[in-house]
Amino acid sequence: MIVAYFIILLGIGYYGYKQATSNLSEYMLGGRNIGPWVTALSAGASDMSGWMIMGLPGEVYSTGLSALWLAIGLTIGAYINYLVVAPRLRVHTELAGDAITLPDFFKNRLNDQSNIIKIVSGLIIVVFFTLYTHSGLVSGGKLFQSAFGLDYRIGLIVIAAIVILYTFFGGYLAVSITDFFQGVIMLIAMIMVPIVTMLKLNGLDTFGTIAEMKPTNLDLFKGTTVIGIISFLAWGLGYFGQPHILVRFMSIRSIKLFPFTRRIGISWMAVGLLGAVLVGLLGIAFVPAQGVVIKDPETLFILMGQVLFHPLVGGFLLAAILAAIMSTISSQLLVTSSSLTEDFYKLIRGAQANSSKHEKEFVLVGRISVVVVALVAILIAWTPNDTILNLVGNAWAGFGASFGPLVILSLYWKGLTRTGAISGMIAGALTVILWIVFILPLGDVNVFFNLYEIVPGFIVSLIVTIVVSLFTQKPGSFVLDEFKQVEQQLADAKK
């Protein structure tokens, strides 16, 4: 089953290579010609990585139903992102010099001839995405170690090799199609496992057993604190600044497709997250009932698949975990690659970067960047030192705080300036890093210090961006013209 799955992925990579890799726009953005189903499931699958199938059930298993606040925060955030950001970003990035990366959009939107904003935002992408990719590889290593009894590091190499191959050759189209395929597998798995587990135990009466084992297991409030609830809900803020999700909005064929895309994407997400929460809850009763010992709560889904199902079905469930892991890694590699190519290499090439004669060269640089970033992520993940959920949370907060306020302001506020944008990005990123390093370790002293770092990071970034913009040189008249065109296209789409 796993081997067949890998063969299918490589086949899709070859298809993408033949269909849409003739220039950098096709390789990095699919030529802005992606349909609603692929857009929705690709956005979902690239978002819900191994943490949904491994990290979230492990958190619920450890803390109880209070972890549901995380799923609630993410669903609300994703829905608002579809409404507030998606249509405007699709139109605005095309009008702003047909930008294919967020840094390129920021640069064109703010008419930054110095390219400082591209360099700063590109560095943030490279740093946080390398860390984000490393979290996916940790998931893959844990999967191979727990399911197959193989060395953790062999798992790293196998996962990385497959992802590199189909991303290297097939580019954005291959990544999007594989994400769609992987999204379907993930959804089936998150529906099937909770249902079969309940049938194996005592049906709906299982929840009564879970409550008897520990009263807080089924309590939304008692298993956490006010700061804990705020922190879980705050995950939703991260959506406004995640490049690997926002790029899906940039690549859709038409803004008229967004309402249908949103319904598909949010439905998939809600069902998937609910399934993950149920896996964690049911695991509380399942583990002692089976008389097994689970050393790492984040391997709960793997254990259930091995105990409950025929090896063939169990192989399918392992493929679901691989799907979750690889869909996100491939998206992250591609976005990081596009930033290295578009935001750094093209700057080095200077005037020649605008010549169509060099398109094949840029595609090659993009492919080489995929390999380089993957190798660095492997080195970081070689010795895991944290949970999957924490690793994802750190990178998620970094992007949400650095880019989230800037994306929203760039789409809605004409008064945004280049200096304000740069200051806000740096302030957001530094706040997240300083909070992780110096404030979170003080959580035992005061519960407030356990606040998820995206909250102070997002607030600081938003305030700094607005204040600095108010005191710096205002943008030129071209911004007003651009906003008028955006509003006109949005209005035409509603007719």
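**Exercise 1. A bridge across the chain**

Task: Find out how the side chains of Asp 112 and Arg 418 meet, and what parts of the chain they link.

Solution. Start with the atoms: the side chains of Asp 112 and Arg 418 form a salt bridge, with 3.0 Å from N to O. Asp 112 sits in the loop between α7 and α8, while Arg 418 belongs to helix α18 (residues 418-439). The two are 306 residues apart, and the pair links distant parts of the chain. Keep in mind as you work that this is a predicted model.

Now look at how well each partner is covered. Buried means under 20% relative accessible area. Asp 112 has 0%, so Asp 112 is buried. Arg 418 has 31% and therefore counts as partly exposed.

**Exercise 2. The chain as a whole**

Finally, ask how far along the sequence the contacts reach. Among contacts in the chain with a separation of 6 or more, 84% are between residues 24 or more positions apart.

**Exercise 3. More salt bridges**

Task: State how many salt bridges a search of the whole structure finds, then work through the pairs Asp 98 with Arg 32 and Lys 142 with Glu 298.

Solution. Begin with the total: the search finds 7 salt bridges. As a reminder, side chains of opposite charge can pair when their charged atoms come close.

Take Asp 98 and Arg 32. Their closest N and O atoms are 2.9 Å apart. Asp 98 is in the loop between α6 (86-95) and α7 (102-109), and Arg 32 is in the loop between α2 (24-29) and α3 (36-47), so this pair ties together parts 66 residues apart in sequence. Asp 98 is partly exposed at 35% relative accessibility, whereas Arg 32 is buried at 8%.

Move on to Lys 142 and Glu 298, where the closest N and O atoms are 3.0 Å apart. Lys 142 is part of helix α8 and Glu 298 lies in the loop between α13 (258-290) and α14 (300-308), so the bridge joins parts 156 residues apart in sequence. Both residues are buried. There is one more step: Lys 142, Asp 296 and Glu 298 are linked in a network of salt bridges.

**Exercise 4. A charge without a bridge**

Task: Locate Glu 482 and find the nearest side chain of opposite charge.

Solution. Glu 482 is in helix α20 (residues 478-494). The nearest side chain of opposite charge is that of Arg 109, at 4.9 Å. A salt bridge needs the atoms within 4 Å, and Glu 482 has no salt bridge even though it is buried. Leaving aside neighbours within four places in sequence, Glu 482 touches His 92, Leu 95, Ala 96 and Arg 109.

**Exercise 5. A nonpolar patch**

Task: Which residues form the nonpolar patch on the surface, and which helix gives the most to it?

Solution. The patch is made of Val 127, Leu 131, Leu 364, Ile 368, Val 372, Val 376 and Ile 380, which together have about 540 Å² of accessible area. Two elements give two or more residues each: α8 (116-148) and α16 (359-381). Helix α16 gives the most, with 5 residues. Leu 364, in helix α16, is partly exposed with a relative accessible area of 46%.

Key: Residues numbered from 1 in each chain as written. Predicted model: local features only at pLDDT ≥ 70, side-chain atom pairs only at ≥ 80, totals over all residues. Heavy atoms only, no water. Contact = heavy atoms within 4.5 Å. Patch = residues over 30% accessible without salt bridge, like charges linked within 9 Å, V, L, I, M, F, W, Y side chains within 5 Å. Areas by Shrake-Rupley, 256 points an atom, 1.4 Å probe, with all protein chains shown as cover. Helix = DSSP H or I, 4+ residues; strand = E, 2+ residues; numbered from the N terminus. Buried < 20%, exposed > 50% of the residue type's maximum accessible area, 1.4 Å probe, protein only. Lys, Arg positive; Asp, Glu negative; His and termini not counted.
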